[in-house]
Amino acid sequence: MSVRFPDFRLGKVLATSFTGTLSERRGDAVERIPTPNRLVDWLVVSGLAVESCTAAQLERAWELRESIHAVATAAARREPLPASAVQVINDCSIQGGAAAVLTPEGNREWRLGPASSVEDALGVVAADAISIVAGERDGKLALCASPTCQAAFFDTSQSRTRRWCDMNTCGNRQKKARFNAHKHENPGSAK
């Protein structure tokens, strides 16, 4: 019997996609990287391929993820950034040895060190978090309007009024709940 893991929620912003590896934080939390091999899978699909991951590296990845979530949440709420979380992000960024490279198509990709270590990959994620919190990218940090989710996401929509971290999950779930509530209140109107 094979173990089935929940799908990854991949977005266009690396740091907030990484925080999305733990979803439904205010409900029944869903852990999408519960094992070292699953972290390797996420890094591969995120363009940060590594050979392997230890349990200690997974613990460090979780610590970075929660630190990014705490800092992004504070930034979205315009509150002071938690110093301990900022320190974790900075430490991971400094420890990473990846470099940005330009592809022939004009895109930026990350080249990890020769050993393709998890620390290098986490350094890229930390650097991405720094760039969005520092306001270096076009968009704004926001929190998902789903009461069970509250995930931090980076809104790059033209109007900057996006409400859901992921329309296919949180947005549809909330729209369905509103539809069902309206249908229950007005039984003859939803035919």
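Mentor: Residues are numbered from 1 along each chain as its sequence is written. In this predicted model, local features need pLDDT of at least 70, side-chain atom pairs count only at pLDDT 80 or more, and totals for chains, interfaces and linings use all residues, while side-chain values use heavy atoms, without hydrogens and water.

Trainee: In which sense do strands E3 and E4 pair?

Mentor: Strands (E, at least two residues) and helices (H or I, at least four) are DSSP runs, numbered from the N terminus. Two strands pair if DSSP finds at least two bridges between them. E3 (residues 99-102) and E4 (residues 108-111) have 4 bridges, and their sense is antiparallel.

Trainee: Which residue in E4 stands opposite alanine 100?

Mentor: The hairpin of E3 and E4 has 5 residues between the strands, and glycine 106 takes a positive phi near 90° there. The residue opposite alanine 100 is tryptophan 110.

Trainee: Which element gives the most to the lining of the largest pocket?

Mentor: On a 1 Å grid over the protein atoms alone, a pocket is an open set of points with protein on both sides within 12 Å along at least five of seven lines, and lining residues have an atom within 4 Å of a point. The largest pocket is lined by 17 residues. Helix H1 (14-19) and strand E6 (152-155) each give two or more. The most, 3 residues, come from E6.

Trainee: Which element gives the largest share of the lining of the second largest pocket?

Mentor: This pocket has 16 lining residues, with Arg108 and Trp110 among those nearest its centre. H1, helix H2 (36-45), E4 and helix H5 (118-133) each give two or more. The largest share, 3 residues, comes from E4.

Terms used. 1 Å grid on protein atoms, 1.4 Å probe; cavity = no way out; pocket = protein on both sides within 12 Å on 5 of 7 lines; lining within 4 Å.
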